[in-house]
Amino acid sequence: TYTPNNYIVSRTWFVQYLGIARSNTIIDRMATSEVKLSEEERNTILGEAYFLRGFFYFNLARFYGEVPLVINETTDVNTLDPKKATLKEVYDQIIADFDKAEKLLPVRNVNGKAHKYAAVTFSAKAYLQMAGMPLNDVEAAKRAESQAKKVMDSGLFDLVENYFSLF
């Protein structure tokens, strides 16, 4: 049994919400930013922010289950709502973020940064998680299959021919 005093548990929680806060700042400020960016650059930055927010919430949902949903920039801690969202609400947000990321991200991106098919793959993983306990979403497995098929049909990825060459 872990308590909030456990360093790993509290640090994991903190780091995920730090990433969410930074993603929220980018998402909220991008609409009003006066920085001159091309539409492609703006979409890539927004797509990466949505991808990361979805990724951080996906980690939180798997580690902790029901967690507070913070989907706007926090400028005053007194406005935060510490109520936990239901697990379904959290996964709905995760899927929404990965869907937005899929639409905004380029097919290819700089190494180490999210791209369209990373968002598609993570949405497939989230759907698979939703298909199991405790949500038992009967449609989620079909949606996971559909998302995974998008990645396979893209023709951009292959399995490694020699598994042992990885080591």
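Biologist: At what angle do the axes of helix 2 and helix 3 cross?
Modeller: Roughly 155°, and the axes of helix 2 (residues 39-64) and helix 3 (residues 87-104) come within 8 Å. Axes are lines fitted to C-alpha atoms, for helices over the stretch in contact, with angles from 0 to 180 degrees between N-to-C directions. That makes helix 2 roughly antiparallel to helix 3 (under 35 degrees counts as roughly parallel, over 145 as roughly antiparallel, 65 to 115 as roughly perpendicular, the rest as oblique).

Biologist: What are the ground rules for the model and the numbering?
Modeller: This is a predicted model, where local features need pLDDT of at least 70 and side-chain atom pairs count only at pLDDT 80 or more, while totals for chains, interfaces and linings use all residues. Residues are numbered from 1 along each chain as its sequence is written, and side-chain values use heavy atoms, with hydrogens and water left out.

Biologist: Back to that pair. Is the crossing of helix 2 and helix 3 left-handed or right-handed?
Modeller: The crossing of helix 2 and helix 3 is left-handed, meaning the near helix is turned anticlockwise from the far one by less than a right angle; clockwise would be right-handed. By class, their contact has 14 nonpolar, 5 polar and 4 charged residues (Ala, Val, Leu, Ile, Met, Phe, Trp, Tyr, Cys and Pro are nonpolar, Asp, Glu, Lys and Arg charged, the others, Gly among them, polar).

Biologist: How many helices and strands are there in the protein?
Modeller: The protein has 5 helices and 0 strands, in the pattern α-α-α-α-α along the sequence. Helices (H or I, at least four residues) and strands (E, at least two) are DSSP runs, numbered from the N terminus. The C-alpha trace spans about 50 × 50 × 35 Å along its principal axes.

Biologist: What share of the residues counts as buried?
Modeller: 34% of the 167 residues. Buried means under 20% relative accessible area, exposed over 50%, partly exposed in between (1.4 Å probe, protein chains only).

Biologist: Which residues touch the most other members of the largest nonpolar core?
Modeller: Tyr17, Phe51, Tyr57, Val90, Tyr91 and Ile94, out of 33 residues in that core. Such a core is a set of buried Ala, Val, Leu, Ile, Met, Phe, Trp, Tyr and Cys residues joined through side-chain atoms within 4.5 Å. Helix 1 (7-30), helix 2, helix 3, helix 4 (116-131) and helix 5 (140-154) each give two or more residues to this core. Helix 2 has the largest share, 9 residues.

Biologist: What is Tyr57 in contact with?
Modeller: Leaving aside neighbours within four places in sequence, Tyr57 is in contact (heavy atoms within 4.5 Å) with Tyr17, Ile20, Val67, Pro68, Leu69, Val70, Val90 and Ile94.

Biologist: And Phe98, buried or exposed?
Modeller: Phe98, in helix 3, counts as buried because its relative accessible area is 0%. With neighbours up to four places away set aside, its contacts are Phe51, Gly54, Phe55, Ala119, Phe122 and Ser123.

Biologist: Next, helix 4 and helix 5. At what angle do they pack?
Modeller: About 155°, with the axes of helix 4 and helix 5 8 Å apart, so the two are roughly antiparallel. Helix 4 passes helix 5 in a left-handed crossing. By class, this contact has 12 nonpolar, 4 polar and 2 charged residues.

Biologist: Gln147 is in helix 5. What does Gln147 touch?
Modeller: Not counting residues up to four places away in sequence, Gln147 touches Asp99, Glu102, Val120, Ser123, Ala124 and Tyr127. Gln147 counts as buried, at 7% relative accessibility.
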